[in-house]
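Reader: I have a structure open and a few things to ask about it. Can we go through it piece by piece?

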Amino acid sequence: MGSPAPPVPMDRVTEALFRVRGQDPQDKEALVGRILGYIHLVLPDPPVSRRATLRACLPNDDVDRVSALPYALLRDIVSRLPDKDAARTAVLATRWRELWRKAPLVLVDSHFLAPAAASAGEVARTEARRVTANVSRVLAAHPGPFRCVHLTCSYMAEFPSLLARWLQTLAVKGVQDLVLVNRPFPLALDLPTALFGMPALTRLYLGLFKFPDTAGLPRTVSFPNLRELGLCTVVIFSKDMDFVLTRSPALETLCIQASLLTERLRIISRSLRCVQVVAATDLDILLAYAPHLERLIVWSVLANERSNMRIKIAPAPALSILGYLEPEFHTLEIGNTVIKAETRASPTTMVPTVKILGLRVRFGIGDDVKLLPAFLRCFPAVERLHIESKKTAEPTGKLNPEFWKEAGAIECVQSHIKLMIFRNFHGDQSELSLLQFILESAPMLTKLVIVYPKRTFKSMTEANSKLEPLFAAKWASTCCSLLLTEGAYAEGKEPPELQNFKRGSNFSVRDPFAFIVRA
């Protein structure tokens, strides 16, 4: 998670423009502040921190043991220091003078902010310009390579050509890890095409930019070593997204947060292993050819009630984690079949590799619940099932009490599900009917966790009373435990940092959905 970087105040010209449009500049500035906050929540952390402290025990003599360390080790030590501290090592001894210039440097522009500015609600323009000037000085002084560069506080709107020069310099000096966030205003600053001249890049995160038009770029342009790409509130068209995926032969992780004007994410990649989306906005996701894709995670949807987003899964031989599917917004298509409530299971409508599945359902809407059996039949080997209940203001389409008994056999329930986590439990009959069906039909189930939102019930006694029908049922599993717990947040009040790219793309985390923040 990147360190916060408050916005630059709006200039008078931009204020006047918003007023002409009938919009309140203060409201717009507050909105941009929130957007920046969301972006910084999902950015990767820089590898160094100016808040870190270094302690050592003083020796009993005056021998300089640190300088006696091998040159390669000293170079590695300097490369892990914040840029200011790395430069200051030159005063330690003669041997250290060239270490800073030869060590791979980490440059984080937020480290140039004065402590008071870093904690303020916004960064004054003079302070932002000072940071920008310091970045230019460091880029000019250090011959490279740059191991990691985070530019999230620099102000570039007044210097249109500066960003292009920075990118050209970083390309020459072999930058490997680049995080670049625009300091609005303007909201969507044009990214220079110099971005495409960085062959050493292995990780790239962009925020609040307009992606360049790729139509006129040479065929030789590519990101040959790029393994991780994050696009956060970036204006990018589908054709340009296609271009990036095609020209990134080593890309393993793709993270998208509310990217704008991308109507279709068509995934054709031999290398991708993980795709994550936060605040999806009317985005169709089409898995056309992704033989190594293991994770497709849609953390949240930012849409209106008329939105209809298609998730199409072609043969995906490695796909093991999928979620959250939302019947309210998503149309699921497997192969050439659109999955409907009446769809019958067949080999052409199944994805047998998925082991972990997440669903977000309005249990008060009958049509949503009716889709659940069909969705579950599409994934016959699911072992860990995550279901999140969504409250609806006006329930519609009350289900037959015998709905789940009449739903028929569901293979993953009868043969594979070992863990089920049910979030946002309200005690409604529709929720209880599903839970009872699972308990009566899942002989492999070993743990059922039910989480209710904070303050949903007056007491744990009241919450437990809602589960009485479940304990009256005949459980199919003889070794299943049930845990009922209160969540730390009220429904709809969950902090956005819970939707974290880091957890989803960490392949050492077996199940990125299996986290519970308890009261």
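Reader: How many bridges join strand 9 to strand 11?
Author: This is a predicted model, so what follows is computed from its coordinates. Strand 9 and strand 11 are joined by 5 bridges, and the two run parallel.

Reader: Which residue in strand 11 is the bridge partner of Ile 268?
Author: Ile 268 has Tyr 289 as its bridge partner there.

Reader: And what is the strand order of the open sheet?
Author: The order is 9-11-13-15-16, an open sheet of 5 strands with mixed pairing. Strand 9 (264–268) and strand 16 (337–338) are the edge strands, each pairing on one side only.

Reader: Changing topic. Is Phe 209 buried or exposed?
Author: Phe 209 counts as buried, because its relative accessibility is 0%. It is found in strand 6 (residues 209–210).

Reader: What is Phe 209 in contact with, leaving aside its neighbours within four places in sequence?
Author: Its contacts include Leu 163, Leu 180, Val 181, Asn 182 and Ala 188. Leu 189, Leu 191, Thr 233, Val 234 and Val 235 are also in contact with Phe 209.

Reader: How many residues apart in sequence are Phe 209 and Leu 191?
Author: They are 18 residues apart in sequence, and 6.2 Å apart in space, C-alpha to C-alpha.

Reader: What is phi of Leu 208?
Author: Phi of Leu 208 is near 60°, a positive value, and the residue is not a glycine. Most residues other than glycine have a negative phi. Leu 208 is found in the loop between strand 5 (203–207) and strand 6. Leu 208 is buried, with a relative accessible area of 5%.

Reader: What about phi of Ala 279?
Author: Ala 279 has a positive phi as well, about 55°, although it is not a glycine. Ala 279 is found in the loop between strand 10 (274–278) and strand 11 (284–289). With a relative accessible area of 15%, Ala 279 is buried.

Reader: Which residues does the cis peptide bond with omega of about -10° join?
Author: That bond joins Gly 323 and Tyr 324. Most peptide bonds are trans. Tyr 324 lies in strand 14 (residues 321–325).

Reader: Cysteines next. How many disulfides does the count come to?
Author: The count comes to 0 disulfides.

Reader: How many of the residues of helix 10 are buried?
Author: Of its 12 residues (366–377), 10 are buried, so helix 10 is largely enclosed by the rest of the structure. The buried residues include Gly 366, Asp 368, Phe 375 and Arg 377.

Reader: Last one, the surface. Which residues make the nonpolar patch of about 270 Å²?
Author: Phe 237, Leu 260 and Leu 261 make that patch. Phe 237 is in the loop between strand 7 (228–232) and helix 9 (238–246). At 42% relative accessibility, Phe 237 counts as partly exposed.

Notes. Residues are numbered from 1 along each chain as its sequence is written. This is a predicted model: local features need pLDDT of at least 70, side-chain atom pairs count only at pLDDT 80 or more; totals for chains, interfaces and linings use all residues. Side-chain values use heavy atoms; hydrogens and water are left out. Buried means under 20% relative accessible area, exposed over 50%, partly exposed in between (1.4 Å probe, protein chains only). Helices (H or I, at least four residues) and strands (E, at least two) are DSSP runs, numbered from the N terminus. Contact means heavy atoms within 4.5 Å. Patches are made of residues with over 30% relative accessible area and no salt bridge: like charges are joined within 9 Å, nonpolar side chains (Val, Leu, Ile, Met, Phe, Trp, Tyr) within 5 Å. Accessible areas come from the Shrake-Rupley method with a 1.4 Å probe; for residues, only the protein chains shown count as cover. A salt bridge is a side-chain nitrogen of Lys or Arg within 4 Å of a carboxyl oxygen of Asp or Glu. Two strands pair if DSSP finds at least two bridges between them. A disulfide is a pair of cysteine sulfur atoms within 2.5 Å.
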